Amino acid sequence: MKKALITSVALAALFPLGAAAQERTLTISVYAFAQDDYKTIVYDPFEAKCGCKLVVETGNSVERIAKMEANKANPVVDLAAVSMADGLAASRAGLIDKVDASKLENFSKLYDVAKDPNGDGMSVGYTFYATSIAYRSDKMKIESWADLLKPEYVGHVAFPNVTTNQGPPALYMLGLALGKDTPDLKAPIEALGEKKDEIVTFYEKSSQLVQLMQQEEIWAAPIGRFSWAGFTKLDVPVAWATPKEGQTGGMNVLVLTKGSKNQDLALQFMDFWLSTEVQTKLAEKLIDSPANKEVKVSDQVANNITYGEETAKSLKLISSAAALDNRNGWLKEWNEKVGQ
């Protein structure tokens with residue numbers, strides 16, 4: 001009994017939320033990806049630290065934002081991890097509150113691009129990733145995004161569907177290669193439409209690509225860096241392209257639900273997730289590329305994630321506003337020209 005009391009006092013000293021916190025529940029909404037590792041690295045240690053209960057809801061960004069909208073009057077979720085664009089969508093819909101950066105001890109450790117990704121003070125980036133082309137280096141040479149459409153290559157290409165997170169960024173870079181830097185993405189969608197019968201698949205899940213490449217059904221596919229590790233384990237030579245137009249990518253952010261009764265606890269959790277220790281462990285597991293600039297990893301790990309300030313600065317990202325304002329147009333154009 002005495003030992004238990006001492007442990008409780010020690011935890012309270014480490015994390016001064018008071019006795020009431022031991023009875024509190026924090027509900028978070030996150031991607032379903034790598035939840036076993038998140039439980040070990042993030043969730044369980046936080047529960048031990050705060051003496052609270054963590055409830056985890058999972059799903060894709062769109063589904064989870066819709067649920068937040070449905071429960072706007074009486075929020076169920078306290079904190080959510082979503083894409084940068086969905087963070088702005090939630091802000092526009094009045095679903096989230098400003099993040100008080102003064103209450104985040106680890107805020108100053110973030111790369112500048114992660115501190116206020118949408119420029120409205122409503123989100124903080126926790127991971128970012130590069131998107132480029134994984135390709136069979138013994139079969140082809142990729143120097144430009146437009147090389148994917150070369151007659152000798154196009155019949156061995158998988159391209160992300162416009163409805164996926166990788167679709168619009170990959171289309172944007174293809175557009176740049178075609179000399180069109182416009183957010184409507186009409187030129188690259190039209191170019192794909194002309195080759196739609198030759199392209200192997202317009203994929204919706206990157207998990208299927210490793211098998212397709214192993215079976216030599218495809219030679220190349222635009223992917224997010226978080227999917228790269230699987231390709232490195234193949235017994236065929238696969239390279240990560242550095243096209244002359246550059247690499248694109250994305251960022252995921254943490255947001256606080258407006259009207260949540262647990263915002264102080266949510267901020268504590270956010271700060272914990274952004275800490276050097278947690279971000280390092282997630283990076284070492286190849287789960288998330290760190291937004292915390294103090295994270296140091298081995299060369300082997302660095303080669304399998306999106307790592308370093310220069311890389312973060314160099315990514316050509318579609319702005320959240322452009323993504324939101326053009327989504328319906330992209331889908332309409334895609335359905336007309338590509339039909340999937």
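Biologist: What is the relative accessible area of Leu286?

Modeller: The classes are these: buried is under 20% relative accessible area, exposed is over 50%, and partly exposed lies in between, with a 1.4 Å probe and protein chains only. Leu286 has a relative accessible area of 27%, so it is partly exposed. The model is a predicted one, in which local features need pLDDT of at least 70 and side-chain atom pairs count only at pLDDT 80 or more, while totals for chains, interfaces and linings use all residues. Residues are numbered from 1 along each chain as its sequence is written, and side-chain values use heavy atoms, with hydrogens and water left out.

Biologist: Where is Leu286 found, and what phi does it take?

Modeller: Helices (H or I, at least four residues) and strands (E, at least two) are DSSP runs numbered from the N terminus. Leu286 lies in the loop between H11 and H12, just after H11. Its phi is positive, about 60°, although Leu286 is not a glycine. Ala34, in the loop between S1 and H2, is also not a glycine and has a positive phi of about 55°. At 24% relative accessibility, Ala34 is partly exposed.

Biologist: How is the packing of H2 and H11 to be read?

Modeller: Two packed helices are described by the angle between their axes and the distance between the axes. The axes are lines fitted to C-alpha atoms, for helices over the stretch in contact, and the angles run from 0 to 180 degrees between N-to-C directions. Here H2 (residues 35-50) and H11 (residues 276-284) pack at an angle of about 170°, and their axes are 10 Å apart. H2 is therefore roughly antiparallel to H11. On this scale, angles under 35 degrees are roughly parallel, those over 145 roughly antiparallel, those from 65 to 115 roughly perpendicular, and the rest oblique.

Biologist: Which residues of H2 and H11 meet?

Modeller: Contact means heavy atoms within 4.5 Å. From H2, the residues are Tyr38, Ile41 and Val42; from H11, they are Val278, Lys281 and Leu282. By class, this contact has 5 nonpolar residues, no polar ones and 1 charged one. Ala, Val, Leu, Ile, Met, Phe, Trp, Tyr, Cys and Pro count as nonpolar, Asp, Glu, Lys and Arg as charged, and the others, Gly among them, as polar.

Biologist: Which residues of H11 are buried, and what do they pack against?

Modeller: Thr276, Val278, Gln279, Thr280, Leu282 and Ala283 are buried in H11. Their partners are H2, strand S5 (124-136), helix H10 (263-273) and helix H12 (299-302). In the loop between H11 and H12 lies Lys296, which is exposed at a relative accessible area of 63%. Apart from its neighbours within four places in sequence, Lys296 is in contact with Thr280 and Tyr307.

Biologist: Which residues of H3 are buried, and which exposed residues does the face turned away carry?

Modeller: An α-helix has 3.6 residues a turn, so residues three or four places apart point the same way. In H3 (residues 61-70), the buried residues are Ser61, Arg64, Ile65 and Met68. Seen down the axis of H3, they fall within an arc of 100° and so line one face of the helix; the arc is that of the directions from the helix axis to the C-beta atoms. The face turned away from this buried side carries Val62, Glu63 and Ala70, which are exposed. Among the elements against which the buried residues of H3 pack are strand S1 (25-30), strand S2 (53-58) and helix H4 (84-92).

Biologist: What is Ser29 in contact with?

Modeller: Ser29 belongs to strand S1 and counts as buried, at 2% relative accessibility. Leaving out neighbours within four places in sequence, its contacts are Glu57, Arg64, Val77, Leu79, Ala80 and Ala81. Arg64 is itself one of the buried residues of H3.

Biologist: How many disulfides does a search of the whole structure find?

Modeller: A disulfide is a pair of cysteine sulfur atoms within 2.5 Å. The search finds 1 disulfide, formed by Cys50 and Cys52 with their sulfur atoms 1.8 Å apart. The torsion about the S-S bond of Cys50 and Cys52 is about -80°, so this disulfide is left-handed. Cys50 and Cys52 are both buried.
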